[in-house]
Amino acid sequence: MKDQRRILVCQGTGCISGKADAVHEALDAEVKRQGLDSVAVDFTGCHGFCEQGPNVVIEPDGIFYTHVQSEDAAEVVTEHLVNGRPVERLFYRDPMSQESIPLYADIKFYEKQQRVVLRNCGHINPERIEDYLERDGYRALKKAVSEMTPEGVIDEILDSGLRGRGGAGFPTGRKWDLCRKGPTEQKYVICNADEGDPGAFMDRSILEADPHAIIEGMSIAGYAMGASHGYIYVRAEYPLAVSRFRTALGQARERGYLGRNVLGSGFDFDITIKEGAGAFVCGEETALIASIESKRGMPRPRPPFPAQSGLDGKSTNINNVKTTAAVPVIIDRGAAWFAGLGTEKSKGTAVFALSGKIANSGLVEVPMGTPLSDIIFEIGGGIPRSKALKAVQTGGPSGGCIPAYMVDLPVDYESLAAKGSIMGSGGMVVLDDTTCMVEIARYFLSFTQEESCGKCTPCRMGTKQMLEILTRITQGRGREQDLDTLVQIARTVKESSLCGLGQTCPNPILSTINYFRDEYELHIKEKKCPAAVCDALMISPCQHTCPVGINIPRYVTHIAAGEYQAAIDTIRERNPFPSICGRICHHPCETRCRRGELDDSVDIRTLKRFAADWYFDNVKEPPVPFAVTQNKKVAVVGAGPTGLSCAYFVAREGYPVTVFEALPVGGGMLSVALPEFRLPASVIQREIDYIAAKGVEIRYDTPINMNFTVESLRKDGYHAVFIAAGAQRSQRIGIPGEIEDIDGLYYGLRFLRDVKTGKKVEIGRRVAVIGGGNVALDSARTALRLGAEEVGIYYRRSRNEMPVSDVEYEEAVAEGIQVHFLVSPTRIVTDHWRAVGLQCIHMELGQPDASGRRRPTPVEGSEFRVDADTVIAAVGQAPDLSFLPPDSALERTRWETLVVDGNKLATNLSGIFAGGDFVTGPGMVIDAIAAGRRGAHSIDKYLRGDTSRVELYDLKNGSRDLVGLDLEAEEEEWELRQRVEMPKLSPEERKTSFSEIELGLTEDRAREEARRCLRCDLEV
């Protein structure tokens, strides 16, 4: 067989579920049909790369084929084996680079692993003992029984540092020694294969792929401890594992590796399979022993420990499958070799079932101490669909959730425990930003609560109470005291439960409250699930994610039905700036659109623009003003999106409202800083005119300053004041050479404002822009339109961290803007009071900070210079509080923003409110509108004497909004339809013009796009 070419078809449970058995039959039939006597078709157990199954490997070529189907057999045999041309379309494709990789040795999933426990998985036929023997199988058993004393074997395991891989991490050698020295003559060895964790499949896969390794490991353990009999406890839900292990037992007995007088040594040992009923608690060793004894699987108090009194009252040792599988290789290669892997306290390798929101899921084995980041981003291939890592849950249902900013945490017993998690049996679930951490805690607790045996009160009652609270929170019925109650119960359960299940099941709760408390508070206080997962809290994911809560499915459906007036009316219920948001909104709603799980998310932003443009193009009569029904006046400071939104919603409540604006135009930074090619001034003005026509008085050229203060407004009879001054001051970089008076140095906001207002701005041939946000991108694109020949952006972080949309970034790159990532300017180079370039240094991403972003750190010796005629600093914006008198009683933060109540936006002075960028720092336009809407509701409650919380959420009421929907036509119909492409000016056209880039959708194209909505707001 060694001289033959071999086709190895993975027939682990995962691949079999993908019809790998049919693939094997088809390949075998095709090889025989073509008379290829030098080719053998065989099968293996699990390769571990379950995401790519069914898998086929051609040896000795090392070619790895993925997602193979039976109909591919003829092509594989003919092209690869006969013609020598491997079938490229079946190669593995790297999820990041999209590169096709033919050799499994070159695939990062395998290349970055170090397989010890999984050494034979995917390489041998598990039903043929000869394959195991060819890979030095049973050599360790022979060495142990013929060359070593039982005490010597135990010493070797002790010296190796092997710790139990079943969860607790107790030193295996010490456990063996305790059993050998146990009080009873009869001793038992048990292998715990009762793997019941959600998402875990390590033990099952090892049993299916390499059963002889378990038999050999148990036999060595029996020899070391003086046991003549062993049990493997495996759940009956694993029929393939049981079948292959039973076959292996028969083969081992025939060859003398089991039974009486093993290998002529005088040592007797045999193994019995005990099939369990699948109770998770039977993973606890005393409950497992009870189950083997045909009793109900319930744990008992310890001591006595199983080493003193275990199965039938005899000294008993229990190890898990991974621990047992490591034993033969330790005895064969020596303790020093194994101890050389891993860390000082955690030796060897760790095996994980990597699953969740990960590109490459499957079985992973790495040395202890490997950073989580290597497992996730190298072996796992990263997070699909460009989502962000949110957390990693390790240790099965009783493990904790580790936040993204700890992603460089080493995987070992001590490090995980210190962060509130455990190594556990080896599950590792990757969670992205579409995951609700409250729901994750509820899900895992629901599992452990269901699996609790109920023997001890803390676990029986505590898990029930915690689950009730978590369920209540996810359903929008949480109370503020719930978090303290959860922590109190969790700690009690953890400290008082009888067995490991109860002692560890609070970990998901404690860790998520510790690291994601704000998410719990959003669920409780705002009825908001940031991940748009908790169904009871939302009508639809898009509406729930929209900061202003627009009923997106309703207006999209109106557009699909040609009801454009109804569409714009629906939008304006929550957003008075549909034209503006239809152009520049960062559309977080689209990130939660369920259509995006099928092909592309619905183009919600563009449809909003279509509805708004239709209104302004077709509706000529002025809107009817809001009726004035109240006599208390409201003043708003600032006519930006926050201020005008607040005024709009205050007017809608019937209050007379006046907006005071320092500039001669409204719109704030939208009007004076956003380039015309992104947001035309005419679009802004028509939105402002609409708001004014609805009854909002706007006084331009009326600044609030030392002479006309906020306090003056109260004296002038305004019963409430809302401050929305925005963030209009550019931040300094703080590097040498940054002198504001030098020629050729501009600050982003001032630069954009001067261009927008028609001031003359001189730009050199080469422009360097410092920063990575919207202001930096807009400044670079504006400089290009002013005649610059070379424009480069220098950003100290990576593209993934650049806070601009893909559309804006791709448009800039298409226009010729050069973006240099991981570059930090360290000096502005000047010559005779003129900027002539930048001194820069390359950066690399280091440890994550508290936000989860990796801190950029300088690369020593990588300094370089950039020549430039013009330097634009665009590193951020800040609020400008200079209009407030120095003795103003309004409380400020150390960041020079106003202190407000997070719910009501109330300042420390009664009747004065503030919101938007002025309070939070620079944000997105839709967030500014949301702050204005919240401020309006707060003012209304204040003027009515209502001191309760502001509640701006839409809970599901069970009604079905069937507007514009033909249910018969839409029912159960779906086909792949990519989003409609927005027509744009070509890059060459737009580089020399400030004309708007996006041209808008035609009516037919808008309706076509709107029909892609899945109406996930409906309930059946």
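The side chains of R979 and D603 meet in a salt bridge, with 3.2 Å from N to O, where a salt bridge is a side-chain nitrogen of Lys or Arg within 4 Å of a carboxyl oxygen of Asp or Glu. R979 lies in the loop between α38 (967-970) and α39 (987-991) and D603 in the loop between α27 (588-591) and α28 (604-618), so the pair ties together parts that are 376 residues apart in sequence. The helices named here (H or I, at least four residues) and the strands (E, at least two) are DSSP runs, numbered from the N terminus. R979 counts as partly exposed at 28% relative accessibility, whereas D603 counts as buried at 5%; buried means under 20% relative accessible area, exposed over 50%, and partly exposed in between, with a 1.4 Å probe and protein chains only.

This is a predicted model, in which local features need pLDDT of at least 70 and side-chain atom pairs count only at pLDDT 80 or more, while totals for chains, interfaces and linings use all residues. Residues are numbered from 1 along each chain as its sequence is written, and side-chain values use heavy atoms, with hydrogens and water left out.

Side chains of opposite charge can pair when their charged atoms come close. By the rule stated above, the count comes to 69 salt bridges, and those that share partners join R781, R785, E811, E815, K984 and R990 into one network.

| Pair | N to O distance |
|---|---|
| R979 and D603 | 3.2 Å |
| K181 and D177 | 3.1 Å |
| E521 and R517 | 3.5 Å |

E521 and R517 both lie in helix α22 (residues 517-526), where they are four residues apart, about one turn of the helix. E521 is partly exposed at a relative accessible area of 28%, and R517 is partly exposed at 34%.

### Helices α6 and α10

Two packed helices are described by the angle between their axes and the distance between the axes. The axes of helix α6 (residues 139-147) and helix α10 (residues 211-225) come within 9 Å and cross at roughly 10 degrees; such axes are lines fitted to C-alpha atoms, for helices over the stretch in contact, and the angles run from 0 to 180 degrees between N-to-C directions. α6 and α10 are therefore roughly parallel to each other, a description that applies to angles under 35 degrees, while angles over 145 count as roughly antiparallel, 65 to 115 as roughly perpendicular and the rest as oblique. On the α6 side R139, A140, L141, A144 and V145 meet E216, S219, I220 and Y223 of α10, contact meaning heavy atoms within 4.5 Å. By class, this contact of α6 with α10 has six nonpolar, one polar and two charged residues; Ala, Val, Leu, Ile, Met, Phe, Trp, Tyr, Cys and Pro count as nonpolar, Asp, Glu, Lys and Arg as charged, and the others, Gly among them, as polar.

### Two buried residues

S511 lies in helix α21 (residues 507-515) and is buried, with a relative accessible area of 3%. The side chain of S511 reaches the backbone nitrogen of C401 at 2.8 Å. Leaving aside neighbours within four places in sequence, S511 is in contact with G400, C401, G420 and F516.

M538 lies in the loop between α22 and α23 (541-545) and counts as buried at 1% relative accessibility. Residues up to four places away in sequence not being counted, M538 touches A532, V533, H544, R594, D954 and K956.

### Backbone geometry

Most residues other than glycine have a negative phi, and most peptide bonds are trans. The peptide bond from R302 to P303 is cis, with omega near 5 degrees, and the bond from P303 to P304 is cis, also with omega near 5 degrees. P303 has its place in the loop between α12 (285-292) and β10 (315-320), and P304 is found in the loop between α12 and β10.

Y138, although not a glycine, has a positive phi of about 65 degrees; Y138 lies in the loop between α5 (129-134) and α6 and is buried, with a relative accessible area of 2%. L263, which is not a glycine, has a positive phi of about 55 degrees. L263 is found in the loop between α11 (239-254) and β9 (270-276) and counts as partly exposed at 35% relative accessibility.

Methods
Polar contact = N/O pair within 3.5 Å; in protein donor to acceptor, adjacent residues only side chain to side chain.
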